[in-house]
2 protein chains.
Amino acid sequence: MEPGRYKSKSPGSAGLGLFVLLCSSLLLNALFFAHHFVWASPPVPRLGDDAAGGGLSWALQAAREAEAVAAVDCSGHGSVFLDGIVGDGEDGRPGCECNHCFAGPDCSVRTPNCTADAESGNPLFLEPYWMRHAAASAVVFSGWHRMSYATTGGGLQSVELERHIRRLHRAVGNAAVDDKHLVFATGSTQLSNALVYALSPEGNAVSSSPPASVVATAPYYAAYKMQVDMFDAREYRWAGTTATWDKNTSRNSTGDFIEFVTSPNNPDTALRKPVLGGSSAIVDHAYYWPHFSHIPEPADEDVMLFSASKLSGHAGSRFGWALIRDENVATRAAQYIKTSTLGGSRETQLRILKLVKVILSNLHGAEDIFAFGYDVMRSRWHRLNAVVSRSTRISLQKIPPGYCTYLKRIKEPSPAYAWVKCEWEEDRDCSEMLLEAGIISRSGVSNEAGSRYTRVGLLKTEDDFDVLLERVTDLVNAEKHGQARSSAM
Amino acid sequence: MEPGRYKSKSPGSAGLGLFVLLCSSLLLNALFFAHHFVWASPPVPRLGDDAAGGGLSWALQAAREAEAVAAVDCSGHGSVFLDGIVGDGEDGRPGCECNHCFAGPDCSVRTPNCTADAESGNPLFLEPYWMRHAAASAVVFSGWHRMSYATTGGGLQSVELERHIRRLHRAVGNAAVDDKHLVFATGSTQLSNALVYALSPEGNAVSSSPPASVVATAPYYAAYKMQVDMFDAREYRWAGTTATWDKNTSRNSTGDFIEFVTSPNNPDTALRKPVLGGSSAIVDHAYYWPHFSHIPEPADEDVMLFSASKLSGHAGSRFGWALIRDENVATRAAQYIKTSTLGGSRETQLRILKLVKVILSNLHGAEDIFAFGYDVMRSRWHRLNAVVSRSTRISLQKIPPGYCTYLKRIKEPSPAYAWVKCEWEEDRDCSEMLLEAGIISRSGVSNEAGSRYTRVGLLKTEDDFDVLLERVTDLVNAEKHGQARSSAM
C-alpha cells in the first residue's frame, strides 16, 4: 500500500472517474483510521509522548535487554537471568536455569526418579507474586546510582527505606517500631553476629571479665552456633542450650548470657518467648509475617531482627534489619556493620525500597502479598498433612490455629517448614530414612533435637513442592502396602 | 477532527457534493499521511516493533521513573537518586542531593567560606564517566531477579561475573589470574577480615597454639587494625608494625604472622612488597589500576584483593574480590563469607557485571575508563603540585614516574591521595593545621605515621577538588605574604 500514488492522481471529470477516486480515497481513510485507532489498540504509550515530555533514552537499551531475557520460554519450570551463563558460540544470551527435577534447553524435560530437595529455606514460593507485579516491582539502575560511600544525609542507610520499613511494620502490626532504632545489614546472617557483638560486654579485649555465654533453646537454628563458633571473639562464646542454664544457680557467676530466640521458631515453627530471665535476648522474627504465622500482637522485644528473605522472598538480596530499643546497643551493632562491610549494598537498598512500596500499596487488597503467600503455604501444609495423616511412620508438628490481627480472622497453619518426626523404632536417623525415600531434608542433629527429627522445607517453588509431595506419597503408600521395611530402609 | 463523521456521509450525486467530499477525503488522507510519516519523524522505535519482536511492557514504568529522576536539574553540583528523600507535601519525587559546598533546591548556591572535605577516599571522580556511558551501563532488575540463595550452578557467586573479572585482569595486565581462586565479598572491607581468618591457624579455638600476629608497615591503612581489634578472635590479634618484628629473632617463637601489604599504599601511594619473609601476606591491590598507578607487571602474590570502589568508582556497591592461589585458603575465606553474610548481594553482582562489560568494551579506545581516570587524577595532582611547590610549610610525597605496561608509556603521577607533611617546626599536628586552614584531612596518627603527616583525598568530585585547591592556594598564599603564623595557626 503506497498512499503516495493516490495523491499523485489528479481528479478527472465528474462521474465514474471521480467516484472511483472517491471510493479509493475513502478506503484509504478507513485503512488509516483502522491503523491509527484499531491496530494500535490497546493504546500503548509511544516513546516520545510520555508524561515527562521526553521519550526513553538511556534506559531503553537496558529495558529491552531485561524484557528480552524475561521473555525466553523455560516451560514454566525455570528462569533466565540477566547474569546467567552465556554459552560459547551461542547467540550471546543466557540460557534457562531449570528448577530442580527439570532439564533441557527449555526446562521441559522432567528428570526421572528425581530426589526432592527440601533441605533449604529458599523462599521461591513468592516468585510468582513478583512476576504478577512485574511493572510495579522493576527497578532501573543508572550507571552512576549511589556510587558514594555515603547515602542521603551522609550515612550508610537509605532514609526512605527506613521510613518504608517502619510504615510496613505499623501497617502489618507485627512489630512496635516507634521507640526503636533501625540497623540494616547484609542479611539477618550478618545481623545476628552484629547483635551478639553489640550485647557482649564492652571493651572485653582489654579487661579480664568472662565472655558472654550465647545460648538457645533446642531445637534452634544451627547457624547461630556455627557463626559464634567461627567468629569466636574474646567477648563471647557458644554455651549450649538454655536447658543447661535454666534455673542453674551458678549462672550469675559465669558472666552475661545472650539468648537467641526464634519466633516462629526455625525449625519447628512454634511461637517462642525468651526462657532465661534477666539476660539479653536476640529475638529473630524472620518468620513473623502473616504468610507463615498468625500475628497475635506487635512484637516488642528490646532486640528484634527481620529479613527480606522471608518477607518478600528475596533471599539473594541479602538484606536484614534489626529493631533495637537501646541506643548504645544500636550504635554498637551499626559500628560492627560498618567495620565489617561499611554497610550493605546500596543497590539492594534501592531494590528493597521498591519491593516494600509494592507490598505496602497492595496491603488488604486483592493482590496482598501476605494473602497470596498464606494461600500458597496453607495449601501446601494442607496437602502434606492429608498424606502424612495416613502414616504411622512419620508425623508432623501440631500447629494450633490462632487469631491473626492482620488478616482479622483465625488463621489456619501455613508454616515454612515441616518438622518431621520418625515414629518407628528402627528409623533412628530420620533424615537418612527420608533420603532413602528420595527426600533431602536437614537433620535435627544440627538443631540439638536429635536424629529422630528432620526439617523439610516447604517454601521453594511449586515444582519443588510437587516432587516432595510425590516422594512423601510414595513413602506413605509403601508403608500402607506393607513394603516399607524392604523398599524404604 | 473526527474521522468518523466523514465515513457516515453517503455520497450524493456527481458534481459539487462529490467533489467536496473527495477533497475532504483527500485532505484527511494527507493529514493521516503527515501524522504517520512526518510527525513521527525522526523514527523513534515504536513499542511493538523493536528488534526483539515485542515492545516494552513491564520495564517501561521503571525506565521512565529512572529517566525522570535523572533529568532533574541540579546545576551540575548535585544528583537526584531514585531512593532520595521524598519531602512531605511535594510532588512525590526525590530532590537534589548537593555536592559538598553547594546548597539550594537545585544546588546552585555556593556555600560561603566552605571547608574542603578531603577526609575520605570516595571515588566520585568517575561519576562523569558513567554519565557519559548511561545507556551501556544501565541495568534493569525485574522483581523476580535472583530471589534464590543460590545463583547459577548452586553457588553464591555469579559465574559470568567471575569470567569477566578474569578477563579484565588479563586485559589490563595487573594481576595473574590463571592459577587463582576467586572469592567475592561485600567490599574489600569484609574480605580483609575473611583473609585474616583464612590465613590464621586452623581449629585454634580448641588448640592452645598462640594466635597469629597481624602486622603492617607504617604508614598503613588504619581499617586493618580497627577491624582486627574489633573482631579479636582467638586465632589472631593485632601485633603492631612490621618494624617491630623485622629481623627480630624471637619472631618464630611467637606464632604465625599475617602481613598486610597495600600496593599502591594507602595513604602514601608507594608501591610496596611484603617485608617479613616467611609469613603470610594479604596484598591489597585496590589501587593497582592504571588510573592511579603505573602497572610494571601483573601482580602475582598468593593472596591479593581488589575492589569495585577503586576500579569503577562504585564504593556504595560494596563489592570486592580476592585472588587466592591456595585452594584451602580460598575455601576458608569463602566459608567465612558464607557464615558472615551468606555471600554478597546478588543485585550488586549483576550491576558490577554490567559495569565490567562496559569497561572491557572500551579498553584502549577513546572511552577507556583508565585513560579517563588517569587524565582526571593526573590533572588534579599537577594542579595541586603547582600550588604546593611554592610552599615551605607543606610538602607532598614524591612519586617516581614509571613505565605502564597497560598505557604503553611512562606514566605521570596520578595518585588517589596526597600524603601531606608539615615542614614547619611548630606545625606538629598537621591535620589540625589544615583544619584551621579549612581543609578536613585524615591524620597520620591513625596510620602510625605520626601527626606531622596527614592524608588528603583527591578522588572525590570536581567540586570537592576545586574547593580543596582554593583552600590550599589560600594557605600557601598566606604563607608567601608572611601571614601564615597569624592567620593559619
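Are Arg351(B) and Glu347(A) buried or exposed? Both residues are buried. Their side chains form a salt bridge, with N and O 2.8 Å apart, and the pair joins two chains because Arg351(B) lies in helix H12 of chain B and Glu347(A) in helix H12 (residues 346-362) of chain A. The model described here is predicted.

**Salt bridges**

- Over all chains, the structure holds 48 salt bridges.
- In chain B, Lys225(B) pairs with Asp229(B) in a salt bridge whose closest N and O atoms are 2.7 Å apart.
- Both Lys225(B) and Asp229(B) belong to helix H8 (residues 222-230) of chain B, where they are four residues apart, about one turn of the helix.
- In an α-helix there are 3.6 residues a turn, so residues three or four places apart point the same way.
- Lys225(B) is partly exposed at a relative accessible area of 29%, and Asp229(B) is partly exposed at 34% relative accessibility.
- Arg393(B) and Asp427(B) also meet through their side chains in a salt bridge, at 2.7 Å from N to O.
- Arg393(B) has a relative accessible area of 0% and is buried; Asp427(B), at 1% relative accessibility, counts as buried.
- In chain A, salt bridges with shared partners connect Asp179(A), Lys180(A), Asp300(A), Asp302(A) and Arg325(A) in one network.

**Aromatic pairs**

- The count of aromatic pairs over all chains is 41.
- Trp289(A) and Phe306(A) have ring centres 5.7 Å apart and planes at 65°, so the pair is edge-to-face.
- This pair links distant parts of the chain, 17 residues apart: Trp289(A) is in the loop between strand E11 (280-284) and strand E12 (303-307) of chain A, and Phe306(A) is in strand E12 of chain A.
- Trp289(A) and Phe306(A) are both buried.
- Trp245(B) and Phe257(B) form another edge-to-face pair, at 4.9 Å centre to centre with 65° between the planes.
- Here too the pair links distant parts of the chain, 12 residues apart, with Trp245(B) in helix H9 (residues 242-245) of chain B and Phe257(B) in strand E10 (residues 257-262) of chain B.
- Trp245(B) counts as buried at 12% relative accessibility, and Phe257(B) is buried with a relative accessible area of 5%.
- One aromatic cluster in chain A is formed by Phe184(A), Trp289(A), Phe306(A), Phe319(A), Trp321(A), Phe370(A) and Tyr406(A).

**Charges over rings**

- In chain A, the charged end of Arg332(A) sits over the ring of Tyr197(A), 4.6 Å from the ring centre.
- In chain B, Arg378(B) lies over the face of Tyr374(B), at 4.6 Å from the ring centre.

**Helix H6 of chain B**

- Helix H6 (residues 159-172) of chain B has 14 residues and reaches 20 Å from its first C-alpha to its last, close to the 20 Å expected at 1.5 Å a residue.
- The buried residues in H6(B) are Glu160(B), Leu161(B), His164(B), Ile165(B), Arg166(B), Leu168(B), His169(B) and Val172(B).
- These buried residues pack against strands E7 (181-185), E12 (303-307) and E13 (320-324) of chain B, and against helices H10 (308-311), H12 (346-362) and H13 (369-388) of chain B.

**A four-stranded sheet in chain A**

- Four strands of chain A form an open sheet with antiparallel pairing, in the order E14-E17-E20-E19.
- Strand E14 (394-395) and strand E19 (442-443) of chain A are the edge strands, and each pairs on one side only.
- Strand E17 (residues 417-422) and strand E20 (residues 453-457) of chain A run antiparallel and are joined by five bridges.
- Trp419(A) stands opposite Arg455(A) in E20(A).

Conventions: Residues numbered from 1 in each chain as written. Chains lettered and ligands numbered in written order. Predicted model: local features only at pLDDT ≥ 70, side-chain atom pairs only at ≥ 80, totals over all residues. Heavy atoms only, no water. Expected span 1.5 Å × (residues − 1). Buried < 20%, exposed > 50% of the residue type's maximum accessible area, 1.4 Å probe, protein only. Contact = heavy atoms within 4.5 Å. Salt bridge = Lys/Arg side-chain N within 4 Å of Asp/Glu carboxyl O. Phe/Tyr/Trp six-rings, centres within 6.5 Å; stacked < 30°, edge-to-face > 60°. Lys NZ or Arg CZ within 6 Å of the ring centre and 35° of its normal. Pairing = 2+ DSSP bridges.
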